[in-house]
Amino acid sequence: MNENLSITQPFSGAPVALRARGLRHRFGQTEALRGIDLDVLAGEVLAVMGPSGSGKSTLLHMLAGVLCPDAGTVEYGGKVISDLGEVERSKLRLHEFGFVFQFGQLLPDLSAVDNVSIPLMLSGISRREALRRAREELGRLGLEDHTSKLPGQLSGGQAQRVAVARALATQPRILFADEPTGALDSLSAEQTMQALISVVRQAGASLVIITHDPRTAAYADREVIVRDGSISSGNPVQVTQ
Ligand code: ADP
Ligand code: MG
């Protein structure tokens, strides 16, 4: 871990890209989030750790505008995203954010390059240009020889790298990853993390990554720990602003 950004030090410097304050959320009787404040800085890799059921995925969905909080706000680009309508929030997710999940996110009947080209075409780019950019993105992830394979013909690690290429093809400002290496063996997890971090750093995007694995968290600039719906450790908000 970068010692300037260790979890015991206040951090400062880069501008805040996404600012969450007072996030609360219930699912029936379950209090999933109990008042979370969190900043995501431009260009940082932020690891979110914590036990199973502590609220990490709920937090990620809220930061990304997938779920709206019962209370609290998430600000991005000068707007409170929970105040936006569903159409505007989907545009934000398509154009500004990218997502990588644990597994099973590729369409099984489409080749790697077709999978990566989908969000590009959804954002209005022609098929020809989308395929060109998809090939380029797959190349950045070391998958140039696998572009026409179906997901079922790829290893778990290769499939996750295709998912990373798809998430980054639209050049998001923030990439959200929910245990992206959780289903991989340790060698594939390591390779996938290295590829993920390298492309995110090249793109200058922020990465918010949920992980159980301390080796994965070691790639982060900063980490916070979520326990029982609250942040129990780490410096969640920018101290100089
Ligand atoms: P984590 O990702 O840290 O494992 P989650 O955010 O998925 O935790 O879940 C936090 C709590 O909210 C858990 O108690 C979980 O059972 C509950 N929860 C999450 N999603 C739902 C849902 N859609 N419906 C009901 N309860 C949910
Ligand atoms: Mg989860």
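These legends walk through close-up views of a predicted model. Residues are numbered from 1 along each chain as its sequence is written, while chains are lettered from A and ligands numbered from 1 in the order in which they are written. Local features need pLDDT of at least 70 and side-chain atom pairs count at pLDDT 80 or more, totals for chains, interfaces and linings use all residues, and side-chain values use heavy atoms, leaving out hydrogens and water.

**View 1. The shell around ligand 1.**

View 2. Look for N or O atoms paired within 3.5 Å. An oxygen atom of ligand 1 lies 2.6 Å from a side-chain N or O atom of T58, and a backbone N or O atom of G53 is 2.7 Å from an oxygen atom of ligand 1.

**View 3. The open sheet.** Six strands (DSSP E runs of at least two residues) follow the order β6-β7-β8-β3-β9-β10, with mixed pairing (at least two DSSP bridges between paired strands). β6 (97-100) and β10 (230-233) stand at the edges with a single partner strand each, so one side of each has no neighbour in the sheet.

**View 4. Two partner strands.** β7 (residues 174-178) and β8 (residues 206-210) pair in the parallel sense over five bridges. L175 has L207 in β8 as its bridge partner.

Technical notes
A polar contact is a pair of N or O atoms within 3.5 Å; within protein, one must be able to donate a hydrogen and the other to accept it, and residues adjacent in sequence count only if both atoms are side-chain atoms. Helices (H or I, at least four residues) and strands (E, at least two) are DSSP runs, numbered from the N terminus.
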